[in-house]
Amino acid sequence: MEKEILEHGLNFNRRRFLSSMSLGIGGVALGSLLMPNLFDGTGTEEGLAPGIPHFAPKAKRVIYLFQNGAPSQQELFDYKPKLRDLFGQEIPPSVRGTQRLTGMTANQASFPLVGSFVDFKQYGESRAWISDLMPYTSKIVDDICIIKSMYTEAINHDPALTFLQTGSQQGNRPSMGSWLSYGLGNENKNLPSFTVLLSRGVGNGQGVYSKLWSNGFLDSVHQGVQFSKGEDPVLYLRDPEGMNRKDRRDMLDNISQLNELSYQEFGDPEITAKVKQYEMAYRMQTAVPEVMDLSKESDDIIKLYGPDCLVPGTFAANCLLARKLSENGVRFVQLYHQGWDQHGNLPFEIAKQAKDVDQASAALVTDLKQRGLLDETLVIWGGEFGRTSYTQGKLTTDNYGRDHHPRCFTIWMAGGGIKPGIVYGETDELGYNIASNPVHVHDFQATVLHQLGLNHEKLVFKHLGRRYRLTDVSGKVVNDIIS
């Protein structure tokens, strides 16, 4: 061999070959420790193996504080004093244009404009306008990026919510959390990479459903795991009565052997996915109770999030749990807070709803920042669409409602390489149309993936002969909001 190498003009003897080879083996071993799935053959058709981003990520994890039901931007972040001046006047046809309406307002004889009942003030270096309903959020305005120019095509809750979460208005597609689990793998083998927490605010509002955290056509190991407020935070996780830890281990080993035989015969990848789920559940039996235990949180932290953080199932409690799950390596923590659907009685209901979420949302950002975790954690706050500038139903001096409005709405983002203390995009003086820097739902999704080191055009999965991705066939990264 040495002779052949020398004949090709390479100064490379046996000693150097073995030395270099040993370094290579060491690198392989290190890689398998850092990314256990590196060599398991589960990469995509494009060669992406779990745990390997396309480029250096700015964020490692996401906490998505989804405000289900669509908060009214006019009462929270998008200050429009002109609406107060034009109280009760018809929205100009030139502003309304050909925007389609929901069945709830399509038959209204008139569309009178209504300004916010609540006052706004400017805060931070950005001088961002924040409603008096959000006093705690006003304190973190220099840590967040407020996007006022989000828009969508969906005009009703189910398709709009599904669109934001899965990239499609129809169901049976993987959720954003599932795509990240598929693309980046799991950081903590004892906890799922994608978890879901639910809370409820004023009234019944709009519901949520498991298709929002579905794995779709991806392996079932990427499905979101819902944590509940009850005695068993994850259902069916406990061993049945009479079974001890050793018995459970023996049972799983035997099931694994049987499933391996089935896999060899049928080749169905879901067989191995089920084995992985059984093993994850076994490990979660120890990890979940520890994460859910809030007794070790300091008094300062409890005060930061507010007393409701000790009440299981509240938004505040879920925000605190989101921080704990995230710092323990959960890749994507999805919160849904229901109750933002104010078609009527808006001034009374939105005040209560805002109080439910304001302190804890701000506390989460502050808590992550003081722990040095905000830079690597992307926090998102917002709903599925916006609210109309005109009233739905009867308008009085102290009461009104607002219908669905997909043309523009507001969200905010913090951490994870997003520019802090800026306001991006603007709407017109009546808050009905986008005036600058529109951000489509697919643009938002592409940007989230980008912050985690993923090219949204390359994170694909071939299903039924077609290559699917979270952003479908569109979307562009919003580089202006990236640090």
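Trainee: Which residues of α13 are buried?

Mentor: Start with the cut-off. Buried means under 20% relative accessible area, exposed means over 50%, and partly exposed lies in between (1.4 Å probe, protein chains only). In α13, the buried residues are V441, H442, D443, F444, Q445, A446, T447, V448, L449 and Q451. That is ten of eleven, so the helix is mostly covered. Just past the end of α13, G453 has a positive phi of about 85°.

Trainee: What kind of model is this, and how are its residues numbered?

Mentor: It is a predicted model: local features need pLDDT of at least 70, side-chain atom pairs count only at pLDDT 80 or more, and totals for chains, interfaces and linings use all residues. Numbering starts from 1 along each chain as its sequence is written, and side-chain values use heavy atoms, leaving out hydrogens and water.

Trainee: How many helices and strands does the protein have?

Mentor: Helices (H or I, at least four residues) and strands (E, at least two) are DSSP runs, numbered from the N terminus. Here there are 13 helices and 17 strands. Of the 483 residues, 52% count as buried.

Trainee: At what angle do α6 and α13 cross?

Mentor: Two packed helices are described by the angle between their axes and the distance between the axes. Axes are lines fitted to C-alpha atoms, for helices over the stretch in contact, and angles run from 0 to 180 degrees between N-to-C directions. The axes of α6 (residues 157-166) and α13 (residues 441-451) cross at roughly 30° and come within 9 Å. That makes the two helices roughly parallel. The scale is this: under 35 degrees is roughly parallel, over 145 roughly antiparallel, 65 to 115 roughly perpendicular, and the rest oblique.

Trainee: Which residues meet where α6 touches α13?

Mentor: Contact means heavy atoms within 4.5 Å. From α6 come F163, L164 and T166; from α13 come V441, H442, F444 and Q445. By type, these residues are four nonpolar, three polar and no charged. The classes: Ala, Val, Leu, Ile, Met, Phe, Trp, Tyr, Cys and Pro are nonpolar, Asp, Glu, Lys and Arg are charged, and the others, Gly among them, are polar.

Trainee: Now strands. Is β8 enclosed or open, and why?

Mentor: In a regular strand the side chains alternate between the two faces of the sheet. So check each face. In β8, T377, V379 and W381 are buried on one side, and L378, I380 and G382 are buried on the other. Six of the six residues of β8 (residues 377-382) are buried, so the strand is largely enclosed by the rest of the structure.

Trainee: Which strands pair with β8?

Mentor: Two strands pair if DSSP finds at least two bridges between them. β1 (residues 61-68) pairs with β8 in the parallel sense over six bridges. L65 has W381 of β8 as its bridge partner. β11 (residues 409-414) runs antiparallel to β8, with three bridges. There, I380 is bridged to M413.

Trainee: Which residues touch the most other members of the largest nonpolar core?

Mentor: In soluble globular proteins, nonpolar side chains tend to be buried together. A nonpolar core is a set of buried Ala, Val, Leu, Ile, Met, Phe, Trp, Tyr and Cys residues joined through side-chain atoms within 4.5 Å. The largest has 53 residues; L65, L76, Y305, L335, V379, W381 and W412 touch the most other members. Helix α12 (residues 346-370) gives the most to this core, with ten residues. A second, separate core of 48 residues includes C145, L180, W213 and L459.

Trainee: What does L335 contact?

Mentor: Beyond four places in sequence, its contacts include I63, Y64, L65, F66, L197 and N318. N318 lies in α11 (residues 315-327) and is buried at 4% relative accessible area.

Trainee: Is L464 buried or exposed?

Mentor: Exposed, at 77% relative accessibility. L464 sits in the loop between β16 (461-463) and β17 (466-468). Its C-alpha is 9.6 Å from that of F217, 247 residues away along the chain.
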